[in-house]
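Thanks for passing this one along. Here are my notes, in the form of numbered points you can follow with the structure open beside you.

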Amino acid sequence: MATIEKAAAPVRPELLDASDETIEDAVQFANPMVLRGILYQLTGDTEVKDIEVTRIMAGFAEAVVPAHEDDVAMLRRKAADFLKSYRDSGAGPIDVGPRDRLATSLCLAGGEPIPDESIGLYLEELALDHTVRSLKWQSPPDPEQLQDFSVTIIGAGMGGLNAAIQLKQAGIPYTIVEKNDGVGGTWYENRYPGARVDTPSRSYTNLFGVDFGYPNPFCDWTENVKYFDWVADSFDIRDDIEFGTEVLSLNWDEASGLWEIHMKGPDGERVHRSRAVITAVGFLNRPNLPEIEGAGEFEGPSWHTSRWPQDIDLSDKRVAVIGTGATGYQMIPDLALEAKHVTVFQRTAQWVFPIPGYRSPFPPQISWLDRNLPFHTNFMRGGMGTGSWFIDMTTSDPQFDDPYACSESNKRARDACIEFLESKFDNPNLVATMTPPHPVWSARAIMVDPEYSIMDAIQRDDVQLVTDGIKRINRNGIETEDGVQHDVDVIVYATGFHATEYLFPMSITGRDGVKLEEMWADGGARAYLGCMVPGFPNFWSLYGPNTNGALQVVSFHELVTFYAMQCMERLILDGEKAVDVKEEAYWRYNRHIDEQNDRKVWSDPRAKNYYWSKHGRSVVQNPLTGPEMWRYLRKPDYEDLDVGGSGG
């Protein structure tokens, strides 16, 4: 079980001043299952444990909720009573309670049992111990060995900032190289109207950020930038970042055991050397602009969504949007409220899941509970269940016979999506137009607000949906295959990124002059545990091949960084030069990934998106369960690694 190191909160003056009415009002907005977990953990009250639960479809997930309203009322009453008693006792520091009760409390909050071999992951995700994924030296390192082991981090987004924090706390020298002028990675770049996370912000936050005050359940880009600025400044990382500097190439020098990093910054090109490299460049960061005949002839402005111009005024503009993936579906509703007219060019419809409150801030009562109900932020983050619904929904059942779904739960999700479409459209033809040809989750599903979304926007008088293919672009706009000319003033490309071309466009050369692009020429990008490639020693990639799925993005970043740092610890303590993954381990792991991906719904050939590559396999998706991936990354298996040798 994880060590609990979260500092006890000081006296809560806001709670001390709260009336009974304020407390009773706040708990009405609380998640009953979260209250259940907190109350059992802090009080051991078995009445909250012994209630009947049921499953419902809640947006994109199957949620477990109390089966009876009487039990919901009971949980709220007990939570209010607890808060009143806590207030009356002085609202001072409070312990989380018996550590051996945490596993049960977490299961109660999630509403389902967690296998013993998996409970460690979910206890970590509670974020009671902010340092559980931080390196604790097995023995004090030699100061000279430590100072000699420098690390270069490429990218100052979520992964790069966390890596810097962990290296700094371990005393390992590092430098961050960032091509932009600020931190945040994709959230520094993607500032298009409507840009926001499509996973709950609480699960898109580092362990050390569990108490960060998010105003929304799904925050927009402005709030995400605030979070990353807070991270950089709170941990004093900003001065260690070389902004406006892009890495052009990396070359491994076997004789010196150093990476030579060629970069270009404000002062021109130079070479930097370090013992190890962590790439944290993400995979949704290099715009993919389609090759459309005549694109250069268009006389108006055009741009990719990740290059949105600052202070642009579109109120008198006719805007064309090419592309209707996640970005397009997020952007179009906001753009429709701003532009004079919007023409949407849709090749393929996407599945959408209605999430009540997706575009709205938390009620103030939720933020009040974050500040005043002990461990509310922790259980809101960790009490989301095991994700078993997602495994069931995305795994193909060979006994299930349905041309539009891969399993019973996948069909339930499809039926819920169709029901939402039918609630939005009176016209059956429009329902058919907006129904994708592929099963749910075979392409990236999109979260929308049921009150206002893409489905509402395309029914506005100032929005036109075009489903005919684009023939060419000309000086005045876009001509479609049916011969219709669509005159526009602006073209916006919502056409995604070079998602399957990992580490593009850097040139990376490992042992014996082998280039990474050569390693990946046959079958596309692969990596051991998503982070190591044989022949490229002391090199780890965050958000590398096949790391989309299994774990939350931030959890993957944290665990891969922790894994890499344990490898570095081994090198530093043993005085070794390099660590590399063995060829056999690399291929064994990737065969397992490919075999499991073939059983997932995203192997359906009807879906055309970045989940699947031109090589006939997914280089993006991770088909494993979260606990399985966690066990892989929690501690290096040195049987799979070559430490101090020349590879193998």
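1. Let's start with a polar pair. The side chain of Asn-180 makes a polar contact with the side chain of Glu-189, at 3.0 Å. Asn-180 sits in the loop between β4 (174–177) and α10 (186–189). Apart from neighbours within four places in sequence, Asn-180 is in contact with Gly-185, Tyr-188, Glu-189, Phe-243 and Gly-244.

2. A word on confidence. This is a predicted model, with a mean pLDDT of 93, and 97% of the residues reach 70 or more. The exception to keep in mind is residues 1–7, where the pLDDT is below 50. Beyond near neighbours in sequence, that stretch has 21 contacts in the model.

3. Next, please look at Arg-87, which lies in helix α5 (residues 69–88). Its relative accessibility is 12%, so Arg-87 counts as buried. The side chain of Arg-87 makes a polar contact with the side chain of Asp-88, at 2.9 Å. Setting aside residues up to four places away in sequence, Arg-87 touches Leu-15, Leu-16, Ala-18, Ser-19, Asp-20 and Ile-23.

4. Why is helix α6 described as largely enclosed by the rest of the structure? The reason is that 7 of the 9 residues of α6 (residues 102–110) are buried. They are Leu-102, Ser-105, Leu-106, Cys-107, Leu-108, Ala-109 and Gly-110. These buried residues pack against α3 (32–43), α4 (46–49), β2 (61–66), α7 (119–125) and α14 (376–382). Just after α6 comes Gly-111, with a positive phi of about 85 degrees.

5. Now the nonpolar interior. In soluble globular proteins, nonpolar side chains tend to be buried together. Here the largest nonpolar core has 184 residues. Those with the most contacts inside this core are Val-151, Ile-172, Leu-250, Tyr-528, Trp-540, Tyr-563 and Met-568. Helix α20 (residues 553–574) gives the most to this core, contributing 11 residues. A second, separate core has 11 residues, among them Phe-298, Ala-320, Val-466 and Ile-478.

6. Leaving out neighbours within four places in sequence, its contacts include Ala-276, Val-277, Ile-278 and Thr-279. Trp-540 also contacts Cys-531 and Met-532, as well as Tyr-563, Ala-564, Cys-567, Met-568 and Val-579.

7. On to the sheets. Four strands form an open sheet with mixed pairing, in the order β8-β7-β6-β20. Its edge strands, each pairing on one side only, are β8 (268–274) and β20 (507–509). From one strand to the next, the twist averages 15 degrees. Within this sheet, β6 (residues 246–253) and β7 (residues 258–265) pair in the antiparallel sense over 7 bridges. Which residue of β7 is the bridge partner of Ser-249? That partner is His-262.

8. There is also an open sheet of 3 strands, with antiparallel pairing and the order β16-β17-β18. Here β16 (470–474) and β18 (485–487) are the edge strands, and each pairs on one side only. The twist averages 20 degrees from one strand to the next. Strand β17 (residues 477–480) pairs with β18 over 3 bridges, and Gln-485 in β18 is the bridge partner of Glu-479.

How values were computed. Residues numbered from 1 in each chain as written. Predicted model: local features only at pLDDT ≥ 70, side-chain atom pairs only at ≥ 80, totals over all residues. Heavy atoms only, no water. Pairing = 2+ DSSP bridges. Helix = DSSP H or I, 4+ residues; strand = E, 2+ residues; numbered from the N terminus. Axes fitted to C-alpha atoms, helices over the stretch in contact; angles between N-to-C directions. pLDDT = per-residue confidence, 0-100. Contact = heavy atoms within 4.5 Å. Buried < 20%, exposed > 50% of the residue type's maximum accessible area, 1.4 Å probe, protein only. Polar contact = N/O pair within 3.5 Å; in protein donor to acceptor, adjacent residues only side chain to side chain. Core = buried A, V, L, I, M, F, W, Y, C linked by side-chain atoms within 4.5 Å.
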